Protein chains: 2
Amino acid sequence: MRIAMLGFGSVGRGIAEAVSEKDLGLSITAVADSRSGIIDADGIDIRDVLERKRTTGLCGTPGITAEDVIESGVYDVLVEVTPTNADSAEPALGYITCALTAGRHVVTSNKGPVALRYDALMQLAVSRNVQLRYEATVCGAIPLIQALEIGLAGNTITALNGVFNGTCNYILTRMTDEGLSYSQALLEARELGYAEADPTYDVKGIDAAIKLVILANSIWGLNVSLDDVDITGIDGLTTDALALAEDLDCTIRLIGEIIPEKRILKVSPRVLSKDHSLVVRDTLNAVTVETDMAGEITLIGRGAGSRETASAIIADILFIRDCYVERT
Amino acid sequence: MRIAMLGFGSVGRGIAEAVSEKDLGLSITAVADSRSGIIDADGIDIRDVLERKRTTGLCGTPGITAEDVIESGVYDVLVEVTPTNADSAEPALGYITCALTAGRHVVTSNKGPVALRYDALMQLAVSRNVQLRYEATVCGAIPLIQALEIGLAGNTITALNGVFNGTCNYILTRMTDEGLSYSQALLEARELGYAEADPTYDVKGIDAAIKLVILANSIWGLNVSLDDVDITGIDGLTTDALALAEDLDCTIRLIGEIIPEKRILKVSPRVLSKDHSLVVRDTLNAVTVETDMAGEITLIGRGAGSRETASAIIADILFIRDCYVERT
């Protein structure tokens, strides 16, 4: 199966490394980063591309663009891993729309298009008889979408609660363990690369809320936007609040919650007993889903990282191949 | 999609109830229990069958057998939910073999055939271009097989550790919480229906070992049998041992472990820190898989129960429909 890839940052390179190291039966035929591109219908030598990117900062030839890659048509699946733009979703939204329109499957880690335009994109995919998959947009390496769609198929999912943001979880873990203040813990998270220079999206709960919107629209068809999420971040949390929780053998975590029947979507710091299954450490993510037949199912794992995101992307690609390409 | 069902105990009835209550697009056309059967190519009225079973103990007409159901041919998927026989796997092995040979998909909760004859059954399924699925054989409602095969596809799974037996986990939880002796906790588990009259398979670790054999053969192709598992049960555990663990802020759980590269399969009581993710309570199951890309992923949920097992069976049926029937 032939892969074209848009975006060649750490996630894109993680996917390229996995495809070149493992015998997955996948061939990469086109790649574009923000300043260059390379297209070869016979398959690109990925080690060359990785080496060029490392030494020059470019994956290919200047002047070859994402649009050129999409229009080349030399691929079965477009892997869209450009940075998320949560306001307009562009340019990723345009890329994905073009590829689906051309009858190509799309796999993305990009939260913007899925959060903002899920219904329209899915209708387009259905009309072209192709798949749009987005496991990597929520909880990184945890196969949550697969579990909700496939592993728990036939169940009614009545509620979902989880830790969706590793940056916040790291900050809260450090505030609890070491008695650090919020700003000290944030500084440490920045130094370790867990928080960005502008941590607003993470610490104010917006990143977690975007993931709730993706789940609400894709799993339950609630047709909601970010405005429908009741959001409180962790930036107002004091060490006193954590110490109070500690006195009760509890701790505080930033929890995202969906109760679909009541259309409740909420992100807020919650006091949880220390032995609660959502009290995970450091940058981990964790999600508990409540169902009518399976009862409660909890999944815990890494919510970010280039290899972790690559894991989700590759699982989506192989699912499309095994269930939709080889069988048709 | 048409379902024929062999076995109409609590799991079979759980499936029937779910199919009749939910709009899943499934039709049950044949059912047999150990003493009777019913076949109707136009679809059976499942509420009638459930009522008859409740009042008479029979699902259908005496004299109609499992063999009659298999030979009727009025089904796309055989759901095989008769009791496990871990020694010969019969009669389930014969039923499954006949249905696969006849070109029918099979979904089973029966550990015997999958533990004893995985390779032969899978080869038969491949030769007939049908699916054999068995999610319900390991960890009940937890979509573990789906996660390993699909959600984490592309990963190398380097190790797996888990709590696979809810009866043992309940006994250990009660010994820890209440200071009960092993025999007191076992008695309580029996009274609550968590342990069978003869609890040997559970407490001696054999049930957990059978699940490791299923995973070892299906996920890694290790071609092992129960004799290859190093098994220690919980029946020798004393309250003193648990008290010693408690002094270290730890507890004891019966852990099944697979390290595929070293062909290590082991079931044994282990001392674990109380905040370890495999320290779950009561009858819960939990599994952590270690992978090369996704890192560690942990899944926690109910390992037994009729609705929980029905959840896994129905997910398998719907997966076959969505990925193998509708697309071919």
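Predicted model: local features only at pLDDT ≥ 70, side-chain atom pairs only at ≥ 80, totals over all residues.
# Salt bridges, interface and sheet

Biologist: Over all chains, how many salt bridges does the rule count, and how many of them cross the interface of chain A and chain B?

Modeller: The count over all chains comes to 32. Across the interface of chain A and chain B, the rule finds 2.

Biologist: Which residue of chain A meets Lys22(B) in a salt bridge?

Modeller: The N to O distance in this salt bridge is 2.5 Å. The pair crosses between chains: Lys22(B) is in the loop between helix H1 (10-21) and strand S2 (27-32) of chain B, and its partner is in the loop between strand S12 (284-291) and S13 of chain A. That partner is Asp292(A).

Biologist: Is Lys22(B) buried or exposed, and is Asp292(A) buried or partly exposed?

Modeller: Buried means under 20% relative accessible area, and exposed means over 50%. Lys22(B) has 16%, so Lys22(B) is buried. Asp292(A) has 28%, so Asp292(A) is partly exposed.

Biologist: Which residue of chain B meets Lys22(A) in a salt bridge?

Modeller: This salt bridge has an N to O distance of 2.5 Å. The partner of Lys22(A) is Asp292(B).

Biologist: Which element gives the largest share of the side of chain A that touches chain B?

Modeller: Across the interface of chain A and chain B there are 12 residue pairs in polar contact, both residues at pLDDT 80 or more. On the side of chain A that touches chain B, helix H6 (144-151), strand S13 (296-302) and helix H12 (306-325) of chain A each supply at least two residues. The largest share, 10 residues, comes from H12(A).

Biologist: By class, how many residues on the side of chain A that touches chain B are nonpolar?

Modeller: The contact takes 39 residues from chain A and 39 residues from chain B. By class, the side of chain A that touches chain B has 8 charged and 11 polar residues, and its nonpolar residues number 20.

Biologist: What area is buried between chain A and chain B?

Modeller: Carbon and sulfur atoms give 58% of the area buried between chain A and chain B. The area itself is about 3,300 Å².

Biologist: How many residues of H6(A) are buried?

Modeller: H6(A) is mostly covered. Among its buried residues are Leu144(A), Ile145(A), Leu148(A) and Ile150(A). Of the 8 residues of H6(A), the number buried is 7.

Biologist: Which strands are the edge strands of the open sheet in chain A?

Modeller: The open sheet has 7 strands with mixed pairing, in the order S4-S3-S2-S1-S5-S6-S7 (chain A). Two of them pair on one side only: strand S4 (61-62) and strand S7 (132-133) of chain A.

Biologist: Which residue of S3(A) is the bridge partner of Ala30(A)?

Modeller: Strand S2 (residues 27-32) and strand S3 (residues 36-39) of chain A pair in the antiparallel sense over 3 bridges. In S3(A), the bridge partner of Ala30(A) is Ile39(A).

Biologist: Which backbone oxygen does the side chain of Ser218(B) reach?

Modeller: Ser218(B) is found in helix H10 (residues 206-219) of chain B, and its 14% relative accessibility is why it counts as buried. Leaving aside residues up to four places away in sequence, Ser218(B) touches Tyr118(B) and Tyr134(B). At 2.8 Å, its side chain reaches the backbone oxygen of Ile214(B).

Notes. Residues numbered from 1 in each chain as written. Chains lettered and ligands numbered in written order. Heavy atoms only, no water. Contact = heavy atoms within 4.5 Å. Buried area = accessible area lost by both parts, 1.4 Å probe. Salt bridge = Lys/Arg side-chain N within 4 Å of Asp/Glu carboxyl O. Polar contact = N/O pair within 3.5 Å; in protein donor to acceptor, adjacent residues only side chain to side chain. Helix = DSSP H or I, 4+ residues; strand = E, 2+ residues; numbered from the N terminus. Nonpolar A, V, L, I, M, F, W, Y, C, P; charged D, E, K, R; others polar. Buried < 20%, exposed > 50% of the residue type's maximum accessible area, 1.4 Å probe, protein only. Pairing = 2+ DSSP bridges.
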